[in-house]
Amino acid sequence: KQASFCTPAETVVFSCRTGARMVSVCASKDAAASKGYLQYRFGKLDLSEPLDITLPEGQVVPSKAATGASMPFSGGGGAWLRFTKGEATYTVYTGIGNWGPKGEKMTKEGLHVERAGKVVATLKCLDKPVSLLGPDWFEKAGIKDNNQDFDFPD
């Protein structure tokens with residue numbers, strides 16, 4: 001089964017299954033702050049129809065395509081990467097922290113969708129995601145938070 005919507009010529013920055021659909025963030029192999037591209041793709045696993053969403057349309061350099069940040073947590077840390085279209089935001093995230101009922105380590109991984117500041121959906125990854133999210137990749141790709149933040153969903 002395919003692991004992402006990225007092509008062999010691209011780098012998988014993030015990808016996971018969320019049920020009958022999959023979310024992938026793909027970058028060109030040469031992606032950097034001022035060159036290459038970064039793109040969010042979401043759709044049905046079987047590719048029987050075109051993807052539901054591709055953002056941004058066309059090839060946009062990573063630093064203009066998305067915002068994101070890494071953050072420390074008690075017992076771990078996390079990172080998020082957000083794509084915006086109009087009033088809608090699509091944020092992929094991955095983190096580990098002491099979030100369990102008795103403070104044990106738990107991971108949180110998935111896709112969080114908001115429209116005009118209201119939560120539309122939080123889709124959890126059904127399997128361990130492929131993820132490069134974090135300070136090293138963000139620095140290479142010129143990803144900044146632009147004074148945005150992200151609250152990891154429960």
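Predicted model: local features only at pLDDT ≥ 70, side-chain atom pairs only at ≥ 80, totals over all residues.

Reader: How many disulfides does the structure hold?

Author: The structure holds 2 disulfides. One joins C6 to C26, with an S to S distance of 2.0 Å. C16 and C125 form a disulfide with their sulfur atoms 2.1 Å apart. Counted along the chain, the bonded cysteines follow the pattern 1-3, 2-4.

Reader: Which parts of the chain does the pair of C16 and C125 link?

Author: The pair of C16 and C125 links distant parts of the chain, 109 residues apart. C16 belongs to strand β1, and C125 to the loop between β9 and β10. In the pair of C6 and C26, C6 lies in the segment before β1 and C26 in strand β2, so parts 20 residues apart in sequence are tied together.

Reader: Is the disulfide of C6 and C26 left-handed or right-handed?

Author: It is left-handed, because the torsion about the S-S bond of C6 and C26 is about -90 degrees. The link of C16 and C125 is also left-handed, with -75 degrees about the S-S bond.

Reader: Why does H112 count as buried?

Author: A residue is called buried when its relative accessible area is under 20%. H112 has 7% relative accessibility and therefore counts as buried. H112 is found in strand β8, and its side chain makes a polar contact of 2.7 Å with the side chain of T122. The residues that H112 touches include Y90, V119, F150 and P153.

Conventions
Residues numbered from 1 in each chain as written. Heavy atoms only, no water. Helix = DSSP H or I, 4+ residues; strand = E, 2+ residues; numbered from the N terminus. Buried < 20%, exposed > 50% of the residue type's maximum accessible area, 1.4 Å probe, protein only. Polar contact = N/O pair within 3.5 Å; in protein donor to acceptor, adjacent residues only side chain to side chain. Contact = heavy atoms within 4.5 Å. Disulfide = S-S within 2.5 Å. Lists of a residue's contacts leave out its neighbours within four places in sequence.
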